[in-house]
Amino acid sequence: MCLMVLTVSKISVAQDMNPVIAWKKINKGAMILDVRTAEEFAAGHLEGAINIPFNIALKELNKQNIAKDTAIVLYCRSGRRSGIANDELAAAGYTQTYNGGGIAALSANKQ
């Protein structure tokens with residue numbers, strides 16, 4: 001059973017981090033969540049993004065009463081932290097989250 005869960009998890013991660021899909025979701029109105037540090041965010045971020053560091057993303061979204069069916073695209077520097085936050089949000093019942101990956105790939109593929 002554990003092996004099956006890990007396999008499914010790896011498959012879902014492989015489907016995320018596609019900048020074209022991320023931009024389609026953003027262009028349809030998804031919230032853009034930058035989960036990097038405040039310093040990284042201040043140095044540059046995607047237009048319209050809000051900054052909540054990955055380690056407090058779930059707590060802050062719950063605190064702000066963000067509906068669990070809100071479309072959210074998360075990103076960070078490389079996709080690792082946004083993946084961690086995305087997994088945590090999904091485990092908490094958020095149904096429309098997407099790990100957009102790293103800011104460089106998203107910026108280079110803006111649509």
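## Basis of the description

The model is predicted, so that local features need pLDDT of at least 70 and side-chain atom pairs count only at pLDDT 80 or more, while totals for chains, interfaces and linings use all residues. Residues are numbered from 1 along each chain as its sequence is written, and side-chain values use heavy atoms, with hydrogens and water left out.

## Overall architecture

The protein contains six helices and four strands. Helices (H or I, at least four residues) and strands (E, at least two) are DSSP runs, numbered from the N terminus. In sequence order, the pattern is α-α-β-α-β-α-β-α-β-α.

Of the 111 residues, 38% count as buried. Buried means under 20% relative accessible area, exposed means over 50%, and partly exposed lies in between (1.4 Å probe, protein chains only). Among contacts (heavy atoms within 4.5 Å) between residues at least 6 apart in sequence, 67% join residues at least 24 apart.

## The sheet

The four strands form an open sheet in the order β2-β1-β3-β4, with parallel pairing. Two strands pair if DSSP finds at least two bridges between them. Strands β2 and β4 (97–102) stand at the edges with a single partner strand each, so one side of each is left without a neighbour in the sheet. Helix α2 (residues 19–27) packs on the sheet and touches β1, β3 and β4; its direction makes about 125° with that of β4. Helix α5 also packs on the sheet, touching β3 and β4, and its direction makes about 145° with that of β3. For these angles, axes are lines fitted to C-alpha atoms, for helices over the stretch in contact, and angles run from 0 to 180 degrees between N-to-C directions.

Strand β1 pairs with β3 in the parallel sense over four bridges, and two bridges join β1 to the parallel strand β2 (residues 50–51). Leu33 stands opposite Leu74 in β3 and opposite Ile50 in β2. In a regular strand the side chains alternate between the two faces of the sheet. In β1, Met31 and Leu33 point one way and Ile32 and Asp34 the other way, and all are buried.

## The nonpolar cores

A nonpolar core is a set of buried Ala, Val, Leu, Ile, Met, Phe, Trp, Tyr and Cys residues joined through side-chain atoms within 4.5 Å. The largest such core has 14 residues, and those with the most contacts inside it are Leu33, Leu61, Ile72, Leu74 and Tyr94. The elements that give two or more residues to this core are β1 (31–34), α4 (57–63), β3 (72–76) and α5. A second, separate core of 13 residues includes Ala22, Ile32, Phe41 and Val73.

Leu61 touches Met31, Leu33, Ile52, Ile66, Ile72, Leu89 and Tyr94, not counting residues up to four places away in sequence. In soluble globular proteins, nonpolar side chains tend to be buried together.

## Helix α5

Helix α5 has 12 residues and reaches 17 Å from its first C-alpha to its last, close to the 16 Å expected at 1.5 Å a residue. The expected span is 1.5 Å times one less than the number of residues. Buried in this helix are Arg81, Ser82, Gly83, Ala85, Asn86 and Leu89, and what covers the buried residues of α5 includes α3 (38–42), α4, β3 and β4. Just after α5, Gly93 takes a positive phi of about 105°.

Arg81 belongs to α5 (residues 80–91) and is buried, with a relative accessible area of 13%. Not counting residues up to four places away in sequence, Arg81 touches Val35, Arg36, Thr37, Glu40, Phe54 and Cys76. Ser82, also in α5, counts as buried at 0% relative accessibility. Leaving aside neighbours within four places in sequence, Ser82 is in contact with Val35, Leu74, Tyr75, Cys76, Asn99 and Gly101. A polar atom of the Ser82 side chain lies 3.2 Å from the backbone oxygen of Gly79.

Ile84 is located in helix α5 and counts as partly exposed, at 38% relative accessibility. The C-alpha atoms of Ile84 and Ala57 are separated by 10.0 Å, the two residues being 27 apart along the chain.

Definitions and conventions
A polar contact is a pair of N or O atoms within 3.5 Å; within protein, one must be able to donate a hydrogen and the other to accept it, and residues adjacent in sequence count only if both atoms are side-chain atoms.
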